[in-house]
Amino acid sequence: MIVSIDTNSGFCFGVTRAIRTAEEELQKGALCCLGDIVHNGQEVARLEGLGLQTIDNDDLRSLPPHSRVLLRAHGEPPSTYWIVKKLQDRIRACYELHKNDEAVPPQIVIYGKRGHAEVIGLQGQTNNTAIVIEREEELDQLDFSRPIYLFSQTTKSVEGFQSLVEAIKSQISNLKSQIALEAHDTICRSVANRVAQLQEFAKAQDLVIFVGGGKSSNAKVLYNHCLEANPKTIFVSSPDELENKLAEYREQIQTNPDWKVGICGATSTPLWLMERVSERLSAF
């Protein structure tokens, strides 16, 4: 068996910076993080081992004075900004610009997953008036007599966003509406640009092991792209899941010494975790 780790997988710049910040601040003393710093349970557990305390909004209200709190990269609604400067300026600016247009009230639409930390943060910037759309079938939520200002969760696919834009344009045309559509592509290119390379890596393998957090939208998006390129792709969150997930391929692995097994991951997957998966795989 030939095992290789995709050198382009692993933390994107934003996650790397967040993790580095947490490690540096932990050296100065006690530190809390409002929500998981990254959607990867293994990395969260590692940082908690260094002293990071993960808290929720209820915990935040009861913290002692002068407590140090790290806000995760996903962002938070304005209700938590009594400790930091506002984030998500772009969607906030759009909301502030149009909120007083009584004749044509603003209709800000977010292409994203309901309940996702980032989407909650974006909704907060619009006083929770933004409409969240997960798929084209939900376009009946929109009022096609009012202008549409479309934004995207940063980890959604470019193809999905463009398809949604075309579906909205088509609906506007069918209704012979004169409303304006203003589409803002706010997708993180660390995710979008990784797709082609990831699929090329997957196609070159006999088996692909994708490592990602169960709560990570980015992991689900990239895993599906991997699966599209190579149907022999399995998803694991930790090395402990390998044995069960590999059961159907065990005989092929054991009888084909030249079988190529590739390990890759999401932008929220640490390199050390992919290396642990590789070590466990070799041990089998």
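Which residue of S6 does Val109 stand opposite? I looked this up at the outset and found Ile131 in S6 facing Val109.

**Basis.** I note that this is a predicted model, in which local features need pLDDT of at least 70, side-chain atom pairs count only at pLDDT 80 or more, and totals for chains, interfaces and linings use all residues. Residues are numbered from 1 along each chain as its sequence is written, and side-chain values use heavy atoms, with hydrogens and water left out.

**Sheet.** I took helices (H or I, at least four residues) and strands (E, at least two) as DSSP runs numbered from the N terminus. Two strands pair if DSSP finds at least two bridges between them. I found an open sheet of four strands, ordered S6-S5-S7-S8 with parallel pairing. Its edge strands are S6 and S8 (181–183), each pairing on one side only. From one strand to the next the twist averages 25°. I counted three bridges in the parallel pairing of S5 with S6.

**Helices on the sheet.** For angles I used axes fitted as lines to C-alpha atoms, for helices over the stretch in contact, with values from 0 to 180 degrees between N-to-C directions; contact means heavy atoms within 4.5 Å. Helix H4 (residues 89–98) packs on the sheet and touches S5 and S7, its direction making about 170° with that of S7. Helix H5 (residues 117–124) lies across S5, S6 and S7 and runs at about 170° to S5.

**Cores.** A nonpolar core is a set of buried (under 20% relative accessible area, 1.4 Å probe, protein chains only) Ala, Val, Leu, Ile, Met, Phe, Trp, Tyr and Cys residues joined through side-chain atoms within 4.5 Å. The largest has 18 residues, and Leu142, Phe144 and Ile148 are among those with the most contacts inside it. S5 (108–111), S6 (131–133), S7 (148–152) and H6 (158–174) each supply at least two residues of this core. H6 gives the most, with seven residues. A second, separate core of 16 residues includes Val211, Ile234, Leu273 and Val277. I also listed the neighbours of Ile148: not counting residues up to four places away in sequence, they include Val109, Leu142, Ile168 and Ile179.

**Helix H9.** Ser216 caps the N-terminal end of H9, with a side-chain oxygen 3.0 Å from the backbone nitrogen of Ala219. Among the buried residues of H9 I noted Ala219, Val221, Leu222 and Tyr223.

Terms used
Buried < 20%, exposed > 50% of the residue type's maximum accessible area, 1.4 Å probe, protein only. Polar contact = N/O pair within 3.5 Å; in protein donor to acceptor, adjacent residues only side chain to side chain.
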